[in-house]
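Student: Could we go through the ligand site and the pockets of this model together? I would like to ask about them one at a time.

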Amino acid sequence: EKGGYPDFMMKEIHEQPRVIRDTLSGRLADGRLSIDELDLTHEELNLIDRVYVIACGTSYHAGLIAKNLIEGWARIPCEVEVASEFRYRNPIITPTTLVVAVSQSGETADTLAAIRDARVKGAKVFGITNVVGSPVARESDGVIYTKANKEIAVASTKSFLGQVVSLTLLALLLAQVKGKFKTNQVRLLFRELADTAEQVEHILSDTAAIDEAACACKDAKSALFVGRGMGAAIANEGALKLKEISYLHAEAYPAGEMKHGPIALIDEGFPVIAVATKSPVYDKLVSNLQEAKARGAMVVAVATEGDEDIRAHADHVIYIPKVRDAFSAITASVPLQLFARAIAIERGCDVDQPRNLAKSVTVE
Ligand code: F6R
């Protein structure tokens, strides 16, 4: 049932190109996006003036990525909040607020409670879930299914990618409804989004650089994951994957924050894993890497194919295909999943069943 892979995590990582294709299948016709399950009219969607993405854990990280797109493309203010915080404060909710609840299992207690609360307060709630007919699906006004199929490894990989792709579609839809993109732009973006399936396949076809970097970091006590912009959001998921399956302490920081505290951690050989893909903030990130290297950090950079300059600032470079910054989470997350898994295996951990964790968290 592991399909020839050594563990479910590896099998599920390799299913990701299929997840991208299935999540996008049938979504674009004549240059118009359709997410009919959302059950909101064009007019209702057009009125949305605030978005909250509510989730826990890895699903929350998918929300951090979505914020960049919802604000960047649709120009709608978007906050991302962990469900256990959202439900116990008094967020500003009006009838034109959209709450997007993201949950792989569709039964996370805090996320469900947040949905109920938001609906009582009059928000429209969209669920993004992997489980058909789950409580999140039933209790939301509309639902997008992530098409990951059942995920067995406790650490989420393919369902995270399905969430990111679904949220990207939602951001694109909101941007189209708000008139921010012309039909041709939507077509182009959709095609590039679909192309990430092949790019992920390419990443999966050669993991030598990832394994080498993992080997170099396996005995560390702690690691920092850094990035800027989209890269900062991606870094969060990289750090979570590593800590949950390898028990190696990891933290994510926006790279520009390093000098405000965490740089004090860095000494000879301290691993700093950087999402260093080409983006509008690439040069800023590189100067942060120089600061880290000057203090002895061992830098592992996830970088864009063809970027030879990065070699001067990193001890290990993991190249991934060039994509638009908006889609970089889809590609850059994959080497970080493989990196975490490789370290966990080196450390003798059970990657499918990490200690203390459960696949679904139905208690508060
Ligand atoms: C980490 C992981 C968890 C879940 C979190 C929320 O790999 O899987 O952090 O993301 O428990 O679960 P769902 O998405 O089912 O609400």
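Tutor: Happy to! This is a predicted model, where local features need pLDDT of at least 70, side-chain atom pairs count only at pLDDT 80 or more, and totals for chains, interfaces and linings use all residues. Residues are numbered from 1 along each chain as its sequence is written, and side-chain values use heavy atoms, with hydrogens and water left out.

Student: Which residues come nearest to the ligand?

Tutor: A residue is near if one of its heavy atoms lies within 4 Å of the molecule. There are 13 residues around the ligand, and those that come nearest are Ser59, Ser103, Gln104, Thr108 and Glu244.

Student: How far is an oxygen atom of the ligand from an N or O atom in the side chain of Thr108?

Tutor: Let's look at polar contacts, which are pairs of N or O atoms within 3.5 Å. A polar side-chain atom of Glu244 lies 2.6 Å from a ligand oxygen, and a polar backbone atom of Val154 is 3.5 Å from a ligand oxygen. For the side chain of Thr108, the distance is 2.4 Å.

Student: Which element gives the largest share of the shell around the ligand?

Tutor: Helices here are DSSP runs of H or I with at least four residues, strands are runs of E with at least two, and both are numbered from the N terminus. Helix H4 (57–74) and helix H11 (230–246) each supply at least two shell residues. The largest share is three residues, and it comes from H4.

Student: In which pocket does the ligand sit?

Tutor: On a 1 Å grid over the protein atoms alone, a pocket is an open set of points where a 1.4 Å probe fits, with protein on both sides within 12 Å along at least five of seven lines; lining residues have an atom within 4 Å of a point. A molecule sits in a pocket if more than half of its atoms lie within 2 Å of the pocket's grid points. By that rule, the ligand sits in the largest pocket.

Student: How much space lies in the largest pocket?

Tutor: A volume is the space filled by probe spheres set on the grid points, which are joined across faces, edges and corners. For the largest pocket, that is about 550 Å³.

Student: Which element gives the most to the lining of the second largest pocket?

Tutor: This pocket has a volume of about 180 Å³. Of its 14 lining residues, the closest to the centre are Leu33, Ser34, Ile35, Leu45 and Leu173. Strand S2 (32–33), helix H3 (42–47) and helix H8 (158–177) each give two or more residues. The most, three residues, come from H8.

Notes:
Polar contact = N/O pair within 3.5 Å; in protein donor to acceptor, adjacent residues only side chain to side chain.
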